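Here is a briefing for a reader new to this structure.

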2 protein chains.
Amino acid sequence: MKAMDRQQGIDVLFNPRSIAVIGASAKRGKLGNNVMRNLIDSGFDGKIYPINPKGGEILGHTVYRKIGDIPGEVDVAVVVIPAKFVLPVVEECGQKGVKALIVITAGFKEVGHKGAEAEKKLVEICEKYGMVLQGPNCLGLINLSRPYNASFSSGTPEKGTIAFASQSGALMTGILDWSLMEKIGFSKFVSLGNKAQLDEADFVEAFGRDPDSQFILLYIESVADGKKFMEVCRKVVPKKPIFVVKSGVSQAGARAASSHTGSLAGSDTAYEAAFKQCGVIRADSIAELFDVANVYDDMHLPAGNRVAIVTNAGGPGILTTDACEANGLEVTQLSPETIDFLKKHLPPAASVYNPIDALGTASAEDYRICTEAALRDENVDAVIVLLTPQAMTQIPETAQVLVEVHKEYPHKPLLAVFMGGNSMVYPRIVLTDGNIPVFDFPERAVHALAELYKYTVRRDSLKDEEIPRFPVDRERAMKVIERVREEGRRVLLGSEAHEIAEAYGIPVARIRLARTADEAKAIAEELGYPVVLKIASPDIIHKSDVGGLKVGLKTPEEVETAFREILENVKEHKPKAIIYGVDVQEMVEQGRELIVGCSRDVQFGPLIMFGAGGIFVNYLKDVAFRLAPMTRSDVGELISETKISTLLKGVRGQAPSDTKALEDIILKVSQLVTDIEDIVEMDINPLFGYERGKGVCAVDVKMTISG
Amino acid sequence: MKAMDRQQGIDVLFNPRSIAVIGASAKRGKLGNNVMRNLIDSGFDGKIYPINPKGGEILGHTVYRKIGDIPGEVDVAVVVIPAKFVLPVVEECGQKGVKALIVITAGFKEVGHKGAEAEKKLVEICEKYGMVLQGPNCLGLINLSRPYNASFSSGTPEKGTIAFASQSGALMTGILDWSLMEKIGFSKFVSLGNKAQLDEADFVEAFGRDPDSQFILLYIESVADGKKFMEVCRKVVPKKPIFVVKSGVSQAGARAASSHTGSLAGSDTAYEAAFKQCGVIRADSIAELFDVANVYDDMHLPAGNRVAIVTNAGGPGILTTDACEANGLEVTQLSPETIDFLKKHLPPAASVYNPIDALGTASAEDYRICTEAALRDENVDAVIVLLTPQAMTQIPETAQVLVEVHKEYPHKPLLAVFMGGNSMVYPRIVLTDGNIPVFDFPERAVHALAELYKYTVRRDSLKDEEIPRFPVDRERAMKVIERVREEGRRVLLGSEAHEIAEAYGIPVARIRLARTADEAKAIAEELGYPVVLKIASPDIIHKSDVGGLKVGLKTPEEVETAFREILENVKEHKPKAIIYGVDVQEMVEQGRELIVGCSRDVQFGPLIMFGAGGIFVNYLKDVAFRLAPMTRSDVGELISETKISTLLKGVRGQAPSDTKALEDIILKVSQLVTDIEDIVEMDINPLFGYERGKGVCAVDVKMTISG
């Protein structure tokens with residue numbers, strides 16, 4: 001089904017005129033009863049058609065024996081019958097002209113092969129009739145803006161601005177229950193189930209279009225389609241924040257990898273890269289997800305990372321300062337006007353610098369003075385107000401004052417940390433009702449604010465940037481790959497990998513395969529001395545470990561000796577290795593050792609690695625990852641995530657490296673592996689980086705193609 | 001005052017027979033009234049003597065005009081009068097024979113120079129009469145085991161097993177209030193104030209001896225005496241856990257450092273090292289501190305890191321598994337017996353592996369079966385039970401079952417995560433009353449358990465190990481230092497630093513200072529070619545940056561040329577540098593580049609750094625720190641904290657490094673800077689590490705002494 005049709009389908013899902021509940025039941029405790037009850041209790045204003053072969057009446061609604069019996073049109077059918085009956089019933093739905101299905105029934109893909117087959121058929125029927133499908137194996141859907149609850153949840157969440165979709169139905173039940181206590185409101189509450197057709201990306205797109213949804217939260221264990229997810233998120237993030245909890249370290253990561261890149265990329269690496277590249281913020285825990293939502297729900301986004309702290313005690317002020325520093329927020333310098341103002345209005349012992357310490361005797365009015373001054377200050381992007389319950393502290397009065405002040409400066413985030421228990425219960429209600437997020441300890445408040453700031457940074461860095469395309473000789477590269485494949489190989493020889501790299505404009509050390517010592521000498525003459533000799537074998541990954549590498553050979557005699565020794569060494573260390581010969585390579589000037597590589601992720605495709613190269617790559621692990629294709633900004637961020645990037649800038653009197661050339665190489669690798677999907681893994685290691693203006697050179701290129 | 005006397009004094013503070021409240025007041029709202037009220041309300045069973053010049057009666061107790069008027073003995077005096085009256089009153093207390101003082105009054109060190117002087121006098125008076133002093137500028141003290149509340153807190157916390165001391169009184173008020181709501185109990189509740197005499201170490205020692213205290217929590221902004229703090233903690237940690245929140249990034253860290261070690265050691269580095277070396281666990285936040293206390297309070301410590309998870313839903317099970325992996329806990333393999341047992345007793349669709357998924361239909365009895373089986377399993381050290389509120393979930397019944405099961409297996413930690421809100425309120429009370437810690441989301445539960453496990457590891461690694469002492473020539477080292485000091489210098493020449501290192505048995509490249517080219521040639525002849533020439537100037541730290549370094553000089557002619565060029569280069573780049581000549585050094589075989597260094601911390605003394613050496617130390621920052629003096633285990637841990645330690649083990653076919661020799665060098669540096677306090681900073685960079693059996697060699701030693 002086309003993306004547009006899916007979106008139209010979701011519009012119907014969100015706003016049906018009529019709903020049939022297939023498997024509706026009059027019996028309490030049955031899921032089909034829960035769904036009916038929720039539909040009615042949530043105040044759904046459309047038509048409700050319970051379907052049950054027994055007929056009769058359920059909760060005041062006439063029961064139809066089958067969907068075909070319903071006189072009017074049916075927009076949405078909720079299916080809560082045993083799995084074995086689902087397929088024929090869905091066929092009937094199609095014939096009836098139902099537009100969207102919510103299949104709550106479990107027993108599909110999640111129970112094994114047979115279930116997976118049934119699920120495939122289910123999707124086929126839906127596609128045939130142009131129906132969208134949520135589920136199967138899900139809790140249902142709740143649209144609080146309508147309002148309407150087509151799920152078997154116990155209870156309906158409060159109305160709010162958070163759109164939430166979850167791959168775990170059980171987690172949703174917990175979150176729903178918890179949200180009622182914490183007074184967290186939702187716009188949409190969607191259980192994704194098995195995601196047989198509609199997936200998280202479809203719903204994110206719909207949430208993005210939904211004026212009632214301000215903030216998108218996801219719990220996912222995997223994404224159905226990596227590219228689609230990224231595309232959709234890149235479109236939505238500029239409009240509203242997307243925060244994700246992604247769980248599940250899949251065992252796919254345990255596969256044997258023959259490249260550095262493959263072995264360093266964990267199963268979660270591609271997700272991390274994807275989230276970064278499409279502006280999605282990953283939260284560490286469900287609690288964090290809702291802390292952030294709680295702050296965002298009430299507030300505007302911070303315009304920057306400059307925080308002012310107002311407190312009535314030193315200790316919590318220091319804790320908050322520490323937390324700000326640890327989370328990338330700046331405890332900013334207040335403007336001279338603010339400092340003068342505070343000096344005039346606070347007791348002399350108070351600290352008028354940031355954190356503003358109004359002392360243990362601070363009254364509600366003192367809090368007003370400080371908080372207002374901080375909110376007014378143009379050096380301040382957000383204000384955190386700390387309160388400890390000391391002898392003279394006016395706790396509820398201070399809460400009230402903050403609510404009043406917030407109304408005057410509604411555009412600057414104002415967070416309250418009221419440290420305490422029983423004496424804070426009422427003041428917290430005052431703050432919450434006044435749309436001020438309130439926490440019991442400073443760290444969580446700071447963290448939530450920092451995550452929102454991080455969103456603004458990510459959002460602003462999402463530019464509509466072109467993917468650079470270099471002129472390349474794709475045909476030449478493909479010829480090499482076809483030849484290798486014809487020979488029944490998957491691992492390319494050095495000379496072959498270098499040729500492909502060269503075809504994509506990557507500067508490489510020239511290399512030729514020699515099968516005899518004489519050939520080696522002839523090639524050396526042609527390339528010019530000194531040369532490097534390397535064993536050419538698909539079975540040997542780490543050449544130097546087996547004595548398969550000789551450098552700095554200056555004469556034909558040295559080449560001849562080296563050729564012989566390499567073969568002897570390899571025969572001793574790896575007697576079973578298939579040997580194609582010895583690669584003869586020009587000896588290029590030593591540069592800084594870097595690595596650029598690629599492996600392929602099942603969900604997201606080509607994953608590019610950059611970092612410190614050489615033989616210790618796997619031990620030092622100074623590498624970072626991004627998904628291809630990449631923009632130039634992506635490459636810039638990729639490089640800056642490594643430690644070696646500081647050295648590339650030129651330190652200790654060394655000239656800065658040729659970053660432009662390095663960026664180009666990474667972009668060309670990105671283009672190569674995007675163009676040619678046959679390449680499943682590649683490493684350029686080392687890639688020599690030279691000083692500015694002198695470029696880079698790929699010294700050793702390894703490549704594996706798909707079988 | 002002696003440590004023993006202080007402890008006797010604290011015993012009196014904790015268990016006085018009589019208390020005088022100096023500054024007692026009949027007027028509500030006055031601190032002196034709060035203290036009286038708290039004393040009486042807390043049920044203090046000793047004598048209470050209010051002191052106030054006005055006389056009369058307060059809350060049923062006869063008021064004395066001055067402490068001398070009290071007929072009986074007074075163990076403890078609580079002082080709540082304005083600062084200016086404190087000193088004469090404390091003198092009177094001494095004369096009366098008071099044994100311990102709690103000075104609540106503020107206006108001492110914290111208000112500046114004059115206050116600091118008064119505080120000094122206050123301590124002098126206390127020492128003269130042998131009185132211990134808590135405060136000044138504190139909230140007071142609460143001993144729940146007595147019970148007795150000698151503070152101006154509003155409310156008294158519940159009785160429990162947590163001993164808590166805090167450097168921030170305001171934070172304490174918040175925590176007290178919060179603890180009443182969260183039902184967290186304390187044994188002792190101590191406000192440290194300015195720590196003029198009694199400090200956190202004194203109280204930790206007392207908590208260590210206190211049978212009512214099982215768990216020690218501290219909030220500190222600094223420690224008063226680093227060495228004492230470490231000594232005391234090393235004694236107490238084997239008996240009970242100490243968890244600390246240390247806040248406050250002091251500005252002392254911003255001082256200019258002339259060594260790599262000095263510039264890489266942040267202001268918090270010594271604290272981090274100290275906590276590690278004395279087995280104290282640092283928490284990131286106050287909330288975390290109490291999560292851990294909450295779990296520990298009810299439970300035994302985990303015997304290992306192997307966790308079993310019981311759940312009625314897949315999603316939360318995955319979240320918990322992820323959290324375990326991230327926190328160093330192992331989601332363990334269950335024993336075959338457990339798996340068989342579960343297969344027999346659970347529905348076929350259930351997962352009988354870890355996480356044990358009893359399905360959404362799990363009854364309370366299913367939870368009993370799974371939880372019992374997990375607790376019984378010898379492969380399991382702790383069990384986390386997850387519950388989501390699904391249609392058929394028996395929430396309070398399951399809580400009850402867990403309480404029963406816990407009673408059967410009280411020695412294995414059992415944590416509950418009941419995800420939800422309103423429907424979890426009552427079940428949570430059941431769990432809490434049954435001594436099972438309960439959380440609303442899995443991540444915090446896992447983190448708390450992991451921290452307790454970390455404590456057991458730290459505790460067990462605290463061995464009664466000797467500090468190794470090598471035979472050294474201290475006198476020779478001191479002679480060099482005295483000579484340098486006589487010349488009015490602080491930065492040692494290379495030859496001088498090398499001599500001191502040599503005196504301490506550190507293998508160094510031989511080096512001599514040459515003042516002329518002829519001297520250089522003569523030294524080169526003596527050392528043997530090839531040699532290295534390096535500029536000898538206290539003003540030049542990075543020699544290679546200014547052309548002050550020439551290596552591999554093989555002939556007298558090369559030495560002569562190099563000598564001239566070095567002087568020319570330095571004159572060009574650093575015209576104002578003072579030049580002592582040129583150091584001539586033997587050229588040693590290239591080894592792996594390491595760094596060992598030392599800087600001095602104000603609180604904790606010599607701080608040793610080890611890591612990857614060379615000219616990029618400051619950029620790669622692959623270093624770790626420990627405080628001197630060190631045991632061999634300390635050194636082992638120090639090395640293993642760096643990334644380069646993996647390379648030292650020998651990888652990619654390389655021989656392993658000489659770790660024993662490396663450890664010896666670090667221990668000798670540790671001995672050197674412990675013996676000779678004059679050395680304020682030193683770097684050995686590079687230290688060449690060779691393969692096993694071939695030792696190490698200090699190539700370049702830099703040293704600065706105190707002025």
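Chain B holds an open sheet of 7 strands with mixed pairing, in the order 9-8-11-10-12-13-14. Strands are DSSP runs (E, at least two residues) and helices are too (H or I, at least four), numbered from the N terminus. Two strands pair if DSSP finds at least two bridges between them.

This is a predicted model: local features need pLDDT of at least 70, side-chain atom pairs count only at pLDDT 80 or more, and totals for chains, interfaces and linings use all residues. Residues are numbered from 1 along each chain as its sequence is written, and chains are lettered from A and ligands numbered from 1 in the order in which they are written.

**The sheet in chain B**
- Strand 9 (148-151) and strand 14 (281-282) of chain B stand at the edges; each has a single partner strand, so one side of each lacks a neighbour in the sheet.
- Strand 8 (residues 140-143) and strand 9 of chain B run antiparallel, joined by 4 bridges.
- Leu141(B) stands opposite Ala150(B) in strand 9 of chain B.

**How the copies are related**

**The interface**
- 61 residues of chain A are in contact with 60 of chain B (C-beta atoms, placed from the backbone, within 7 Å).
- Helix 5 of chain A gives the largest share of the side that touches chain B, 10 residues.

Definitions and conventions: Two residues are in contact if their C-beta atoms, placed from the backbone, lie within 7 Å.
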